[in-house]
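Here's a quick walk through one protein model, residue by residue and then helix by helix. Have a look at the sequence and the fold before reading on.

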Amino acid sequence: MLPILFLFLLFSSTPFLSNAADFCVGDLTLPEGPAGYPCKKPAAVTVNDFVFTGFEKAGNTSNIIKAAVSPAFTTQFPAVNGLGISIARLDLAINAGDCNAVAIVSFSSPSPGLQITTIALFGSKNFPSSIIEKTTFLDDAQVKKLKGVLGGTG
Ligand SMILES: *[C@@H]1O[C@H](CO)[C@@H](O)[C@H](O)[C@H]1NC(C)=O
């Protein structure tokens, strides 16, 4: 009889447990660990914790790559803390038509790293041109020109 009672208690408490794991709004005042930020106390969580307004305005694309990323990562949107997901708005001023392009991109991490290939290749300090030439099939003059525009050396 005892195992059956135990199972009943386990099943009856399951909905409560799954609700508790549905969110972990990050408390950004505490240090971040490998699994993200510690959870804000459930009693302190409000509806506003789950509202993100950072995608309302277009990002500033007045830069050399004519693009802007507006992230909704844990730091900007603590509701995604611990959920293994995040999203970002991507504005691009390079378009075949008359207007800018907008994309919403998703990531499989609440705090993803972001690398812009052009800047990583041609804006890095001391990244040897010979390696860039072999991997991009550009000649030395083209690589040096791009490094000059993006501030890379090496
Ligand atoms: C966009 O960025 C450029 C370059 O940094 C700056 O001069 C301009 O004021 C910015 N525009 C807005 C609307 O923030």
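Cys24 has contacts with Cys39, Asn81 and Gly82 once its neighbours within four places in sequence are set aside. Here, a contact means that two C-beta atoms, placed from the backbone, lie within 7 Å. Cys24 also belongs to the largest nonpolar core, which has seven residues in all: Cys24, Val25, Ala72, Phe77, Ala79, Val80 and Ala88. A core of this kind is a set of buried Ala, Val, Leu, Ile, Met, Phe, Trp, Tyr and Cys residues joined through C-beta atoms within 7 Å. Buried means that 20 or more other C-beta atoms lie within 10 Å of a residue's own; exposed means 12 or fewer, and partly exposed is in between, with C-beta atoms placed from the backbone. In soluble globular proteins, nonpolar side chains tend to be buried together.

A word on what you're looking at: this is a predicted model, where local features need pLDDT of at least 70, side-chain atom pairs count only at pLDDT 80 or more, and totals for chains, interfaces and linings use all residues. Residues are numbered from 1 along each chain as its sequence is written.

Zooming out, the protein chain has four helices and three strands, and they come in the order α-β-β-β-α-α-α along the sequence. Helices (H or I, at least four residues) and strands (E, at least two) are DSSP runs, numbered from the N terminus. Of the chain's 154 residues, 14% count as buried. Among contacts with a separation of 6 or more, 53% come from residues 24 or more positions apart.

Leu90 sits in strand 2 (residues 86–92). Not counting residues up to four places away in sequence, Leu90 touches Ala67, Val69, Ala103 and Val105. Thr75, for its part, is in the loop between strand 1 and strand 2. Thr75 and Pro110 are 35 residues apart in sequence, and their C-alpha atoms are 8.9 Å apart in space.

| Residue | Other C-beta atoms within 10 Å | Class |
|---|---|---|
| Lys66 | 13 | partly exposed |
| Thr75 | 16 | partly exposed |
| Leu90 | 16 | partly exposed |
| Asn126 | 7 | exposed |

Most residues other than glycine have a negative phi, and most peptide bonds are trans. Lys66 has a positive phi, near 50 degrees, and lies in the loop between helix 1 (2–20) and strand 1 (67–72). Phi is positive for Asn126 as well, near 60 degrees; Asn126 is found in the loop between helix 2 (117–122) and helix 3.

Which angle do helix 3 and helix 4 make where they pack? Helix 3 (residues 129–136) and helix 4 (residues 140–150) pack at about 115 degrees, with their axes 10 Å apart. That makes helix 3 roughly perpendicular to helix 4, a label for angles of 65 to 115 degrees (under 35 is roughly parallel, over 145 roughly antiparallel, and the rest oblique). Axes are lines fitted to C-alpha atoms, for helices over the stretch in contact, and angles run from 0 to 180 degrees between N-to-C directions. Ser129, Ile132 and Glu133 of helix 3 make the contact with Asp140, Val143 and Lys144 of helix 4.
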